[in-house]
Amino acid sequence: MAIIGARLDLGGVPQLYRHPDQYANYLGIELRSATGLVQTLVVVMRGGIGLYGAGKEAKAVKGLSVPVNANSDQLTEVAIEATKRLSAAAGFPLKAPTPKKVAKSGRSSGGHAPLLAFMAPVALLLLLGVVLWLRRRTAQSGEGAV
């Protein structure tokens, strides 16, 4: 699945922005050449939904549309729905919750863990800096006493 929110997300092919079928084909070929695998790929961007390698399951996303000026949440919701439909059509129904249900449940993937992961190394570096500064200061004061 690829969710494209802006022209810059397309890297070297920004001209394919708002052309989801063409970008899905381009990205699918790139991924196939890199991995040797042909996988179903869903591309969602302003302009619609593009598929690569979907076969007859592609009919499952007919009628699913992307709002004209969709924001990132809306693009993600469409991508999740398209993935659920394609998976069900292939005989593998998914029970993924909708983003709205997750938000209402009060669970958040955010929190203090990323901040702690950033702050712990910074604190250690500051502590190391203070220790080295104190050692240097002590060494310099010892040299003056001799």
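Biologist: Where is Glu 57 placed?
Modeller: This is a predicted model, and in it Glu 57 sits in the loop between S3 and H2.

Biologist: What is the nearest side chain of opposite charge to Glu 57?
Modeller: That is Lys 56, at 5.2 Å.

Biologist: Which residues is Glu 57 in contact with, leaving aside neighbours within four places in sequence?
Modeller: The contacts are Leu 86, Ala 89 and Ala 90. Of the residues in H2, Leu 86 is listed as buried.

Biologist: How many salt bridges does the structure hold?
Modeller: The structure holds 1. Glu 81 pairs with Arg 85, and the closest N and O atoms are 3.1 Å apart. Both residues belong to helix H2 and are 4 residues apart, about one turn of the helix.

Biologist: Turning to H2 itself, how many residues has it, and what covers its buried residues?
Modeller: H2 runs over residues 72-89, which is 18 residues, and reaches 26 Å from its first C-alpha to its last. Its buried residues include Leu 75, Val 78 and Ala 82. The cover includes strands S1, S2 and S3.

Biologist: What caps the N-terminal end of H2, and what follows the helix?
Modeller: Asn 71 is the cap, with a side-chain oxygen 3.0 Å from the backbone nitrogen of Asp 73. Gly 91 follows H2, and its phi is positive, near 95°.

Notes. Residues are numbered from 1 along each chain as its sequence is written. This is a predicted model: local features need pLDDT of at least 70, side-chain atom pairs count only at pLDDT 80 or more; totals for chains, interfaces and linings use all residues. Side-chain values use heavy atoms; hydrogens and water are left out. Helices (H or I, at least four residues) and strands (E, at least two) are DSSP runs, numbered from the N terminus. The expected span of a helix is 1.5 Å times one less than its number of residues. Buried means under 20% relative accessible area, exposed over 50%, partly exposed in between (1.4 Å probe, protein chains only). Contact means heavy atoms within 4.5 Å. A polar contact is a pair of N or O atoms within 3.5 Å; within protein, one must be able to donate a hydrogen and the other to accept it, and residues adjacent in sequence count only if both atoms are side-chain atoms. Lys and Arg count as positive and Asp and Glu as negative; His and the chain ends are not counted. A salt bridge is a side-chain nitrogen of Lys or Arg within 4 Å of a carboxyl oxygen of Asp or Glu.
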